[in-house]
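Subject: Structure handover

Hello,

The structure I mentioned is below. Please look it over before reading the notes that come after it.

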Amino acid sequence: MSHTRLLIQSRAAQQPDWTRWNDLDRVLGELAGRPALVSEETTAALREELAFVARGTAFVIQSGDCAELFSDSTPERVRAKATALHALGDLFESLTKIPVVRVGRLAGQYAKPRSQPWEPLPDGTRVPVYRGDAVNGAEATASARQPDPHRLLTAYELARQALAELRTAPPDSGSVTAVLAPTYTSHEALLLEYEHALLRDDTRGGRYASSAPFLWIGERTRQPDHAHVDLAATVSNPVGVKVGPDASPAEVTALLDRLNPGNEPGRLTLIVRMGAERIGTALPALLGGLGPRAAEAIWMTDPMHGNTRVTAAGQKSRVLTEILAEVETFFSVMRAHGLHAGGLHLESAPDDVTECVARAADLAVGTPLPRYESGCDPRLNPAQAEEVVRLAASLAVGGAA
C-alpha cells in the first residue's frame, strides 16, 4: 500500500470503499501516465483573473451541474452548459459593467459527498449510496452501487473530451463576450486518489492539479489537518473552500494559514453556504471574528446548499425565494464589513427543469416534480438562475432588489 494511500485512508472523509484495490492501483497508474487535462498556463491565467476579483474589480459566476452524468457529457451538452454559463455572465456584465470570470461546474464534477453511506430500500434492505458516476451507478442495486475504479478512467476521458470541445467550439450564444471569455472548469476535489494521480510538475518547482484550473474543498472535508486540505495546500492552482454556518473564526484562520500563507490575491476563495435562516447571524459572527484577516480571501455566496428542502412527494428541492434571500443577506453583510462580494456559486441546468420550486408553499404538493433530471441535488433552470443573477447585479451596484 502506497504512502499516499495510507494518508488518504487515515486522514480523509467521504472516500469510496473501492474494495477492488488492485484494480484501483492499475487505474491510478494509468492516470498518472496520461497527459494533463489542463495546462499550468490555464491555472495561472485563472489565478490572475481571480486576483482582480480579490481587489474588488471583477465578479465570479460559477455554475453548472450538481453532479455531472456520464450520459449527459456529449459535445452538444457541453456546449449547452457552457452557453448557459456565459448567458449568466453576459447578463451580469450588461447590468453592472463589471467584468465576470466564468467558471463552470463542468468537465470533472462526477463525484459528490453524501450525508449517509447507505441508502435504505423499500423492502427493508440497503445499498451503498450513489456517490456520482466516477464512483458507482445511480441504479439502486447492489451491483450498480459497487464502487468501480474503472469509472475513473471514464471520468478522465469525458473530461478530456469536454475540455477539447470548449477549446474548439465557442458557446452558442452569439455574444462577442462569450466567444472571447474563457470557460474555466472546476469541480470538488473529492476523490483524492484520482486527484493525486493527476498532479503534475509546475514551473515553480512544485506541483499543480491538472484535473481542472479551479478545485474546491467541500464543507464536509475542509478539516485543516486532513488530507483534502493537504492536497489543496500543495498545489499552485487557485482553490476554494465551502464554509457552512458552523465554521468558527479559528477554523477559517487555520484554512487561511494553510492555503494562502503568502496572502496572494486570487489564491483562495471562501464559498459561503449557510442557508437563508442562518446566514444573517452566522456570517457577521464569522467575519467579526476574523477581523482584518477576512480580506485575505475572495468571498462568494453559494445560496444552494444551505437551502435544500424535501417536498411532500419525498424529492429534494430548493425554494427560489430562500435562495434569493440568502444572496441578498450575503451582499448586505459583506458591505457592512467593508468587503467585496466576489461571486455567485450556483447549481443550474441549461434546460427547463422543475427541480427547484418558486415558493415554500410549493413543497407541500404531493405529486412529484415533473421534470427532475439531476444526478443528485436540485438545480435552477435558466429563468430561475437569471433571476438570481439579476438580483446579484442590482446588489453589486448598490441598487434595490
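This is a predicted model: local features need pLDDT of at least 70, side-chain atom pairs count only at pLDDT 80 or more; totals for chains, interfaces and linings use all residues.

Residues are numbered from 1 along each chain as its sequence is written, and side-chain values use heavy atoms, with hydrogens and water left out.

The barrel

A closed barrel of 8 strands runs in the order S1-S2-S5-S8-S9-S10-S11-S14, with parallel pairing. Helices (H or I, at least four residues) and strands (E, at least two) are DSSP runs, numbered from the N terminus, and two strands pair if DSSP finds at least two bridges between them. From one strand to the next the twist averages 25°. Axes here are lines fitted to C-alpha atoms, for helices over the stretch in contact, and angles run from 0 to 180 degrees between N-to-C directions.

S1 and S2 run parallel and are joined by 6 bridges, with phenylalanine 59 opposite valine 100 in S2. Between S1 and S2 the chain passes through helix H4 (residues 75-96), and this β-α-β crossover is right-handed (with the strands pointing away from the viewer, the path from the first strand over the helix to the second runs clockwise). S2 also pairs with S5, in the parallel sense, over 3 bridges; glycine 104 stands opposite threonine 185 in S5.

S2 is mostly covered, since 6 of its 6 residues are buried (under 20% relative accessible area with a 1.4 Å probe, protein chains only; exposed is over 50% and partly exposed is in between). Val100, Arg102 and Gly104 point one way from S2, and Val101, Val103 and Arg105 point the other way. In a regular strand the side chains alternate between the two faces of the sheet.

Methionine 300 has glycine 343 as its bridge partner in S14. Helix H9 (residues 249-259) packs on the sheet and touches strand S9 (239-243) and strand S10 (268-272), its direction making about 155° with that of S10.

The cores

A nonpolar core is a set of buried Ala, Val, Leu, Ile, Met, Phe, Trp, Tyr and Cys residues joined through side-chain atoms within 4.5 Å. The largest has 62 residues, of which Leu283, Trp299, Phe330, Leu380 and Val388 touch the most other members. Helix H11 (residues 320-336) gives the most to this core, with 8 residues. A second, separate core of 31 residues includes Leu37, Ala107, Ala155 and Ala197.

Two buried residues

Threonine 43 is in helix H3 (residues 40-54) and is buried, with a relative accessible area of 2%. A polar atom of the threonine 43 side chain lies 2.7 Å from the backbone oxygen of glutamate 40. Leaving out residues up to four places away in sequence, threonine 43 touches several residues, among them Tyr208, Ala209 and Pro238; contact means heavy atoms within 4.5 Å.

Leucine 198 sits in the loop between helix H7 (192-197) and strand S6 (199-201), and is buried at a relative accessible area of 0%. Beyond its neighbours within four places in sequence, leucine 198 has contacts including Leu31, Leu37, Tyr208 and Ala209.

Regards

Terms used
A polar contact is a pair of N or O atoms within 3.5 Å; within protein, one must be able to donate a hydrogen and the other to accept it, and residues adjacent in sequence count only if both atoms are side-chain atoms.
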